[in-house]
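The sequence and structure are shown first.

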Amino acid sequence: MNTTSCSGRPLIVGPSEPEKPYPIFVEGAVIKGFGRGSKQLGIPTANLPSDAVKLALTDIPIGVYYGWAQVDGGEVLPMVMSLGWNPFFKNKERSGEVHIIHQFRDDFYGQNLKIAILSYIRAEKDYENLEALVDDINMDIRIAEESLKRSAYTQIKTASFFN
Ligand SMILES: Cc1cc2nc3c(=O)[nH]c(=O)nc-3n(C[C@H](O)[C@H](O)[C@H](O)COP(=O)(O)O)c2cc1C
């Protein structure tokens, strides 16, 4: 199998099975972000409430992660998450933004979001332009899809947390 993308980033990232402190399970009601995700980037994100970001996500580094997500008890789906200050947009507060790799018909503000964070992908970066940011996020999505195919990662979909 070809394990490197044309951008030069490896398609499989993270150890062969989740390693401590992962999986990290986080749950909260989806809040509104700045709304740039879907409008400017074409990549909608569900923002975690700030208490969940403050409580559950203080011990892991700022950066981009992959794992599984579930909205209101629905299907468990692959996700990528950005944890940090979005240097490209120079946010003032640390946020946790989850892009679920699935086409949803509606947004889901207020609905219950459960995530299992399984591995770090990369550090947050600033970019020359929006296109470069979008290209990197699309690469994160491919990496998440490939990395989550491994059985130790697939297994987490059936964790009792999601039931
Ligand atoms: C997988 C993923 C990776 C991201 N990586 C970066 C990054 O490296 N630098 C950055 O400034 N923002 C990054 N972002 C954050 C986007 O800029 C952010 O989702 C966008 O500004 C939408 O935010 P909003 O919903 O609050 O408007 C990333 C988002 C996702 C989902």
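1. Aromatic pairs. The count of aromatic pairs in this predicted model comes to seven, where rings of Phe, Tyr and Trp (its six-membered ring) pair if their centres lie within 6.5 Å, and planes under 30 degrees apart count as stacked, over 60 as edge-to-face and the rest as tilted. Tyr 65 and Tyr 120 are edge-to-face because their planes stand at 75°, with the ring centres 5.4 Å apart. This pair links distant parts of the chain, since Tyr 65 lies in strand β3 and Tyr 120 in strand β6, 55 residues apart. Helices (H or I, at least four residues) and strands (E, at least two) are DSSP runs, numbered from the N terminus.

2. Burial of the two tyrosines. Is Tyr 65 buried or exposed? Tyr 65 is buried, at a relative accessible area of 0%, whereas Tyr 120 is partly exposed, at 30%. Buried means under 20% relative accessible area, exposed over 50%, and partly exposed in between (1.4 Å probe, protein chains only). Ring pairs also bring in Tyr 22, giving a cluster of Tyr 22, Tyr 65 and Tyr 120.

3. Phe 161 and its neighbours. Phe 161 and Phe 162 form an edge-to-face aromatic pair, 5.1 Å from centre to centre and with 65° between the planes. Both of these residues, Phe 161 and Phe 162, are buried. Lys 114 lies over the face of Phe 161, 5.1 Å from the ring centre. A charge sits over a ring if NZ of Lys or CZ of Arg is within 6 Å of the ring centre and within 35 degrees of the ring normal. The charged end of Arg 36 is likewise placed over the ring of Phe 89, at 3.9 Å from its centre.

4. Basis of the values. The model is predicted: local features need pLDDT of at least 70 and side-chain atom pairs count only at pLDDT 80 or more, while totals for chains, interfaces and linings use all residues. Residues are numbered from 1 along each chain as its sequence is written, and side-chain values use heavy atoms, with hydrogens and water left out.

5. The sheet. In what order do the six strands form the open sheet? The order is β1-β6-β3-β4-β5-β2, with antiparallel pairing; two strands pair if DSSP finds at least two bridges between them. The edge strands, β1 (24-29) and β2 (46-47), each pair on one side only. β1 is joined to β6 (residues 112-122) by six bridges, and Val 26 has Ile 115 in β6 as its bridge partner.

6. Strand β4. Eight of the eight residues of β4 are buried. On one side these are Leu 77, Met 79, Met 81 and Leu 83, and on the other Pro 78, Val 80, Ser 82 and Gly 84. β4 pairs with β3 over seven bridges, and Trp 68 stands opposite Pro 78. Six bridges join β4 to β5, where Glu 97 stands opposite Ser 82. The hairpin of β3 and β4 has five residues between the strands, and Asp 72 there takes a positive phi near 45°.

7. The annotated span. An unreviewed UniProt entry lists residues 19-149 as "domain: Riboflavin kinase"; UniProt positions are given in the numbering used here, feature names are shortened, and annotations may be inferred rather than shown by experiment. Residues 19-149 are 24% helix and 32% strand, and their end C-alpha atoms lie 16 Å apart.
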